[in-house]
Amino acid sequence: MLQDLIRGEDQRRRVISLVGMGGIGKTTLAKKVYNHIQVLKHFSDCRAWAYVSQDCRPRDVYMQIIKQLVFTSTKDQQVLETEEKLTEHELGDFLHEHLKKKRYLVVLDDVWSPADWSCLAKVSSNDPDCLGNVFPDGVKGSRLLLTTGCKDVALHADARSIPQEMQILSEQDSWDLFSGKAFLDHVDADRYPPDLLQLGREMVDKCNGLPLAIVVLGGLLSRNKSHTEWRKVPDNINAYLAKEGSQTGVMTVLNLSYIDLSSYLKPCFLHLSLFPKDYVISTRKLFLLWIVEGFVLSEQAGQKSMKDTAEVYLNELINRNLIRVVRMSVNARVVECRVHDLVRELAIRKAKEQNFFGIHDIPYPLSPSIGSSKCRRQSIIYCDIERYAFVEHSSSTPYLRSLMFFNLGHETCRVSQLDFVAKCFKVLRVLDLEGVGVESLPCIIGKLIHLRYLGLRHTGLKVLPPSIGNLRNLQTLDTNNLKQVPNVIWKIQNMRYLYIEG
């Protein structure tokens with residue numbers, strides 16, 4: 001595949017596709033190739049990676065690519081804000097113009113259907129040979145790299161290229177992968193007791209050659225090398241495996257990994273289920289949410305700050321292969337992360353069992369029956385916030401602690417008032433409206449005396465009401481583009497993190 005990307009001076013741009021089931025390692029392989037030294041040299045000035053996912057939103061994908069290709073410095077911030085106001089078609093045209101004079105590599109990770117590809121590339125339905133209007137031929141040797149679970153996507157994107165179909169690992173490759181995770185000094189793994197190695201091979205066999213299951217299993221076992229502890233794992237695997245099939249095996253291993261989590265990590269893991277599928281999560285925001293939710297234990301922090309302790313929690317989950325790193329800072333700290341689909345599915349299952357949260361997802365109608373009266377957190381993956389306001393939730397979730405809205409479509413959606421939040425959810429601790437257009441915050445918001453986190457980024461809000469000074473328990477206020485800040489912030493005695501960008 002590496003040679004397919006860097007060799008050949010085709011006049012037309014080509015699409016190289018990685019095809020395989022979830023958890024087989026498509027994204028991992030694509031990242032290795034994307035960051036390979038030869039690829040870096042070949043596409044030295046025009047290279048971008050974009051997550052697509054099941055809920056394909058072309059505008060979102062275009063912005064991901066544009067930010068990487070065009071706006072690489074702080075001086076471009078004002079121009080970027082202008083571009084963010086463009087329509088989907090205008091962004092597509094802008095991207096086309098930028099790419100047509102370059103030799104580029106664009107990775108589209110997790111394309112679900114041929115229709116999604118057509119939507120992203122703007123393929124003409126009247127001309128099946130049309131390459132699309134967004135991704136032009138560019139300079140000779142331009143490439144698109146797709147990862148997908150559907151072979152039809154690959155054939156639809158480029159009928160002249162042969163899809164790279166990923167296979168499950170062989171017995172030896174499975175063992176090598178497991179050894180690299182379970183034994184820190186895996187080169188000398190044979191020096192471990194034969195009965196321990198035999199147990200390891202038995203467990204690896206049950207993973208059916210699926211890399212995700214093997215990696216998670218290896219991470220689970222790496223922290224304890226005792227025969228007694230290892231013996232428990234295959235016993236549990238046999239107990240959990242009620243059906244045959246690779247995905248069942250993955251969920252079994254993931255479930256065991258969840259069981260093995262320390263008590264302080266379990267709520268942090270369950271909290272990840274509140275974020276939408278394939279959502280890129282800001283770790284700064286994640287740390288703040290974990291802190292106000294009470295997941296970060298002060299006695300564990302010791303001399304560290306609460307945010308530093310939250311970062312330790314995150315790194316533990318990353319080391320257990322339950323969270324994927326998306327972007328690192330220059331000093332090697334995780335800036336953005338995301339969760340694999342199957343890991344998120346497990347988190348959702350466990351969260352529902354414990355009435356940890358409720359999800360209202362688009363495009364389904366909102367209904368009080370979705371949540372439980374015992375539910376303490378709700379994630380609203382919906383852009384029409386006013387519809388949510390009209391549904392009677394006060395009787396179904398009166399003790400709601402966290403309410404998070406996700407406007408994934410970036411459509412203009414306005415709510416004339418948010419009175420219903422203060423009236424229905426009087427013990428609310430977390431209110432996150434990031435990305436949702438809000439005309440104003442009502443004065444009644446000051447009655448949410450238990451509120452600890454208020455997220456108002458990218459809402460369009462220009463002024464905060466004076467009543468915000470009544471939020472004595474507020475620990476985090478995160479907003480931007482304010483024109484006026486009332487002289488009451490000093491009254492908020494428990495404020496720890498204040499982010500107000502002009």
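This is a predicted model: local features need pLDDT of at least 70, side-chain atom pairs count only at pLDDT 80 or more; totals for chains, interfaces and linings use all residues.
Where does R377 come in? The C-alpha atoms of N355 and R377 are separated by 8.5 Å, and the two residues are 22 residues apart along the chain.

## The five-stranded sheet

Now to the sheet. Five strands make up an open sheet with parallel pairing, and their order is β2-β3-β4-β1-β5. Which strands stand at the edges? They are β2 (47-51) and β5 (164-165); each has a single partner strand, so one side of each lacks a neighbour in the sheet.

The partner of β5 is β1 (residues 14-19), and these strands pair in the parallel sense over two bridges. Across this pairing, L18 stands opposite Q164 in β5.

## Helices on the sheet

Helix α2 (residues 26-34) packs on the sheet, where it touches β1, β2, β3 (105-109) and β4 (143-148). The direction of α2 makes about 165° with that of β2. Helix α4 (residues 58-69) lies across β2 and β3, and runs at about 155° to β2.

## Confidence along the chain

A word on confidence before you look further. The protein chain has an average pLDDT of 78, and 77% of the residues score at least 70. Over residues 239-246 the pLDDT is below 50, and this stretch has twelve contacts in the model beyond near neighbours in sequence. Residues 362-372 also have a pLDDT below 50; this stretch has 24 contacts beyond near neighbours in sequence.

Terms used
Residues are numbered from 1 along each chain as its sequence is written. Side-chain values use heavy atoms; hydrogens and water are left out. pLDDT is the predictor's confidence in each residue, from 0 to 100. Contact means heavy atoms within 4.5 Å. Two strands pair if DSSP finds at least two bridges between them. Helices (H or I, at least four residues) and strands (E, at least two) are DSSP runs, numbered from the N terminus. Axes are lines fitted to C-alpha atoms, for helices over the stretch in contact, and angles run from 0 to 180 degrees between N-to-C directions.
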